[in-house]
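Hi,

Here is the model I said I would pass on.

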Amino acid sequence: MPFSLVAEEDSEDLRREETRGTLVRIKELVNDTLASNGMNDISPLSEEDVLDAIDRGKSEGGPHGQHWVLDPIDGTKGFMRGDQYAIALALLDEGKVVLGVLACPNLPLTSVTSYDRHNSQDKVGCLYFAQLGAGTFMQSIDGSPPRKVHVSATTNPEGALFFESFEAAHSSHDLSSLIVKKMGVKTPPVRMDSQAKYGALSRGDGEIYLRFPREGYREKIWDHAAGYMVVAEAGGIVTDAAGNPLNFSRGRYLDLDTGIIVTNQKLMPALSKAVVESLKERASSLQS
Ligand SMILES: Nc1ncnc2c1ncn2[C@@H]1O[C@H](COP(=O)(O)O)[C@@H](OP(=O)(O)O)[C@H]1O
Ligand SMILES: [Mg+2]
């Protein structure tokens, strides 16, 4: 059946002679995975089939029809370091996200704040799924029964915990620090790669996620669509710095006002105020 896929990767690098070995390995892994999922009726894929499948992700998305949005490895730098990363899949219907699935293979099942890597009881690997109007659910990646999750109900910023990118090049740590200081947040940031931040926030590990890329950076829809849905259906709010909802209907890019801010309903007014004030201060200090 034909479908539209907006995805981060294309096959250009894998089509080069130097990467032939990698392509062969990927083809084997794909075929092994299909077979181990009981899809034995599909004949094994060739290398060209695999390259073509990767290139199906060139769709431009947009406001009409249905589009799958895929980031096969979000948080590539975290993946390389052995830290957090995510596989993120969302479905757009007439420009709106209606489904989000987020696999976070390195995210602790309990909480990022209480995880003890020396305790063998503390398992890692979470799978989140959220459907418009039906809530957000989380299960272990190896298949425990799903449970419904909700964002934190914390109303006092003093007890709030905030997330930001591990990579300082992806989001200004200075600006985040200014914002949370204004709110009265006392705890240091939790720095994590990928949309695992949305997953952790959706079950109440922390209350705030701030993302302020350098000026001119254009956010891609596959970096936020699934995470947005997971947080929104768990009762959280995701906006740009001016309070506008994220618009996933404009194609491959989000094209938003400065930054992305995420928190619960109760903390959003204080967070918005702190963001506006901090951006003004930053702008005037850059002018002087
Ligand atoms: N200069 C930049 N500013 C903001 N985001 C950036 C960036 N360079 C890359 N990114 C995006 O940040 C994503 C990772 O997010 P995070 O900072 O939350 O870990 C990357 O996803 P990929 O790893 O899928 O390429 C990439 O799309
Ligand atoms: Mg990404």
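This is a predicted model: local features need pLDDT of at least 70, side-chain atom pairs count only at pLDDT 80 or more; totals for chains, interfaces and linings use all residues.

Residues are numbered from 1 along each chain as its sequence is written, chains are lettered from A and ligands numbered from 1 in the order in which they are written, and side-chain values use heavy atoms, with hydrogens and water left out.

The magnesium ion (ligand 2) has Asp-71 (OD), Asp-74 (OD) and Asp-223 (OD) as its protein donors, at 1.9 to 2.3 Å. Donors here are N, O and S atoms within 2.8 Å of the metal (3.2 Å for Na, K and Ca), and since water is not among the atoms, sites may look incomplete. The spacing in sequence is D-x2-D-x148-D.

Asp-71 sits in strand β2 (strands are DSSP E runs of at least two residues, helices H or I runs of at least four, numbered from the N terminus). With 0% relative accessibility, Asp-71 is buried (under 20%; exposed is over 50%, partly exposed in between, 1.4 Å probe, protein chains only). Asp-74 and Asp-223 are buried too. Ile-73, also placed in β2, is partly exposed at 28%.

As for the helices, the axes of α1 (residues 20–36) and α2 (residues 47–55) come within 9 Å and cross at roughly 90°. Axes are lines fitted to C-alpha atoms, for helices over the stretch in contact, with angles from 0 to 180 degrees between N-to-C directions.

Cheers
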